[in-house]
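The sequence and the coordinates are shown first, and the discussion follows.

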Amino acid sequence: MKTGIVIKSTGSWFDVRDESGHITNCRIKGKFRTSNIRSTNPVAVGDNVSFDFEDNNTGVITEISERKNYIIRKASNLSKESQVIAANIDQVFLLVTLKMPETTTMFIDRFLITAEAYSIPTILIFNKIDIYNDTLKERLSELKTIYSAIGYKCIEISVIENINIETLKEELNNKTTLISGNSGVGKSSLINKFDPIINQKTGIISSSHNKGKHTTTFAEMFELSYGGYIIDTPGIKGFGLIDFGKYDLFHYFPEIFKESAKCQYNNCIHVNEPSCAVKNAVEKGIISEERYYNYLTILHQDDEKYRK
Ligand SMILES: Nc1nc2c(ncn2[C@@H]2O[C@H](COP(=O)(O)OP(=O)(O)OP(=O)(O)O)[C@@H](O)[C@H]2O)c(=O)[nH]1
Ligand SMILES: [Mg+2]
Ligand SMILES: [Zn+2]
């Protein structure tokens, strides 16, 4: 038996790298009891696994070590199956763009809820600033103000014009970083800049829809020659949340959670309860209206699921 880390997953086959750096193409046999989560992929990139050789080149995964954390999503709110994007990560680079394609704050907030739930530090990276006009630059500064006030580090970059790439590289040091975001925001283009040994395929933005074309199809982890690992992932359209309780959702909005201590009712979910400190903070501009609106929308969109 050998042990290693899953560095690539194509659905049914997994590349597992052992300590010596040797990579074995592994499959899984039978059903796996990883944890109590129901996911379409029992093994994810970042998982520490044990495996037996089948022959010289292939192996069978026999065991998955308990995960420190993971990022999990559903394709949509209604889907039953969830997918583990990656496991055992130290931080996330959430790559967003205000143009070509436009990342919504709803997408950002849904992602952040999941990262908060597993206490995974997330840096918001605004890419493609080279194509922002004045209106978009204003919007960028507004978003940076909102998210940095909550405590998220925000960095604006341009992969094409090499702006702030070195600053970003400093954040990678010796950590395992997952990079996620919508299709076409420049995830693969960015990681190609992190190390010349990485040569990920990049795609074009469809001119009719201003959206990416899902160029990256599998999650894959790369070792950086200066220390640390980076995981490139396929672009995601929607970020469906796994089931959080109605009374738990606001715990994952740090600024709402902070104010909630002052609400009159301890079962307040900050919708229309009297003497709600959260609503009060929104009125005073302490909590961003947009974030609060997204909170309410998620609470109601996912309401059906909570009632079941
Ligand atoms: N203008 C501009 N274009 C960029 C920048 N960064 C990346 N792009 C372009 O955006 C397009 C998509 O880049 P990719 O790196 O393939 O995007 P991705 O996020 O990996 O997309 P998926 O693999 O589909 O999820 C390419 O045409 C890149 O050249 C940037 O800073 N400015
Ligand atoms: Mg890509
Ligand atoms: Zn309240």
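Which residues does Ala281 touch, not counting residues up to four places away in sequence?

## Ala281 in helix H6

In this predicted model, Ala281 touches Glu259, Ile286 and Ile287 once residues up to four places away in sequence are set aside. Ala281 itself belongs to helix H6, which spans residues 277–283.

Ala281 has 20 C-beta neighbours inside 10 Å. Since a residue is buried if 20 or more other C-beta atoms lie within 10 Å of its own, Ala281 counts as buried.

The shell around ligand 1 consists of 25 residues. The closest of these are Gly186, Ser189, Thr202, Thr216 and Gly235. Sorted by class, the shell has 14 polar, 7 nonpolar and 4 charged residues.

Among the elements of secondary structure, helix H4, covering residues 187–194, gives the most to this shell, with 3 residues.

## Packing of helix H4

Helix H4 also has a set of buried residues, namely Lys187, Ser188, Leu190, Ile191 and Phe194. Viewed down the axis of H4, these buried residues fall within an arc of 155°, so they line one face of the helix.

## Crossing of helices H1 and H7

Helix H1 (residues 105–117) and helix H7 (residues 289–301) have axes that come within 10 Å and cross at roughly 70°. Angles of 65 to 115 degrees count as roughly perpendicular, and H1 and H7 are therefore roughly perpendicular to each other.

On the H1 side, the contact is formed by Thr105, Met106, Asp109 and Arg110, which meet Glu290, Arg291, Asn294, Thr297 and Ile298 in H7. The residues of this contact divide into 4 charged, 3 polar and 2 nonpolar.

## Backbone features in loops

The peptide bond from Met100 to Pro101 is cis, with omega near -5°. Pro101 is located in the loop between E8 and H1.

Positive phi values in residues other than glycine occur at Asn88, near 55°, and at His270, near 65°. Asn88 lies in the loop that connects strand E7 (82–87) with E8, and this residue is buried, with 20 other C-beta atoms within 10 Å. His270 is placed in the loop between helix H5 (254–260) and helix H6 (277–283); with 25 C-beta neighbours inside 10 Å, His270 counts as buried.

## Thr62 in strand E5

Is Thr62, with 15 C-beta neighbours inside 10 Å, buried or partly exposed? Thr62 is part of strand E5, residues 58–64. A residue is buried at 20 or more such neighbours, exposed at 12 or fewer, and partly exposed in between, so Thr62, with 15, counts as partly exposed.

Apart from neighbours within four places in sequence, Thr62 is in contact with Met1, Ser50, Phe51 and Asp52. Ser260 lies 198 residues from Thr62 along the chain, and the C-alpha atoms of Thr62 and Ser260 are separated by 45 Å.

Notes: Residues numbered from 1 in each chain as written. Chains lettered and ligands numbered in written order. Predicted model: local features only at pLDDT ≥ 70, side-chain atom pairs only at ≥ 80, totals over all residues. Near = placed C-beta within 6 Å. Helix = DSSP H or I, 4+ residues; strand = E, 2+ residues; numbered from the N terminus. Nonpolar A, V, L, I, M, F, W, Y, C, P; charged D, E, K, R; others polar. Axes fitted to C-alpha atoms, helices over the stretch in contact; angles between N-to-C directions. Parallel < 35°, antiparallel > 145°, perpendicular 65-115°, else oblique. Contact = placed C-beta atoms within 7 Å. Arc of directions from axis to C-beta.
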